[in-house]
Amino acid sequence: MARTKGYPEALEKKLHDQRYYSEDSNPEFTKKVKAISRTIAHMCYQCGTCTGSCPSAPRSTYRIRKFMRRAVLGLENESLTDPDLWLCTTCYSCTDRCPRDIAPTDVIMAMRNLAFKRDIIPVNFLKTVQAIYSSGHGVPNNDVNRAARERLGLTRDPPTTHMYPEYIKGIQKILDHYKLKANADRIVKEREG
Ligand code: SF4
Ligand code: SF4
């Protein structure tokens, strides 16, 4: 009992200390991330299980837990301008293991969507869009793979748009609907001339 005596008042005082607030905080960002990701990002209690499960963490400065904190605090610019945002492999290990049933992967995807709306996106992602548009594959088949497939007794091309290119039109229709290809072309041109 003695340990909790005066606790609410002390906490109240602490929370009114301006050092606990950031001017960069945008509550709308927290709401947008939640709406797009459809996950309860605000329930994150920073246990770190996500970062501990993340295959990108030991190889880079990327820390999913940090992005979860930024989502809760509404730190929009800090989130969207951090190049680490693009280091998630979308493996979903963090989502499988989060003890609060949050989907950190979807939080990252929501942030990437918001970043793309501001033209903040690495060129290699845009080139993947262009490759999907022209071939139906983010990583199209090549002669080395074709030879390897042949050695394994497989068809030289997999039974995808490589084998049935007539279906590429359908993929292009989807990308055109969301103006993904047009925006990818525009940004690549602006950056590379
Ligand atoms: S595992 Fe879940 S609760 Fe723990 S830090 Fe990551 S998102 Fe937050
Ligand atoms: S989905 Fe992304 S953030 Fe989550 S564990 Fe995999 S690489 Fe890390």
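## Around ligand 1

Let's start with ligand 1: 13 residues surround it, and the closest are Cys 44, Cys 47, Gly 48, Cys 50 and Cys 98. Here a residue counts as near a molecule if one of its heavy atoms lies within 4 Å of it. This is a predicted model, where local features need pLDDT of at least 70 and side-chain atom pairs count only at pLDDT 80 or more, while totals for chains, interfaces and linings use all residues. Residues are numbered from 1 along each chain as its sequence is written, chains are lettered from A and ligands numbered from 1 in the order in which they are written, and side-chain values use heavy atoms, with hydrogens and water left out.

Which helices each supply at least two residues of this shell? They are α3 (49-53) and α4 (64-73). Helices are DSSP runs of H or I with at least four residues, strands are runs of E with at least two, and both are numbered from the N terminus. The shell around ligand 1 splits into eight nonpolar, three polar and two charged residues. In this scheme Ala, Val, Leu, Ile, Met, Phe, Trp, Tyr, Cys and Pro are nonpolar, Asp, Glu, Lys and Arg are charged, and the others, Gly among them, are polar.

## Around ligand 2

Ligand 2 has its own set of neighbours, including Cys 54, Pro 55, Tyr 62, Ile 64 and Cys 88. The run from Thr 89, Thr 90 and Cys 91 to Tyr 92, Ser 93 and Cys 94 is also there, along with Thr 105. By class, the shell around ligand 2 holds eight nonpolar and four polar residues, with no charged ones.

## The whole chain

Now zoom out. The protein chain has 11 helices and zero strands. Its C-alpha atoms fill a box of roughly 75 × 40 × 25 Å along the principal axes.

How much of the chain is buried? Of its 193 residues, 34% count as buried, meaning under 20% relative accessible area with a 1.4 Å probe, protein chains only.

Notes:
Buried means under 20% relative accessible area, exposed over 50%, partly exposed in between (1.4 Å probe, protein chains only).
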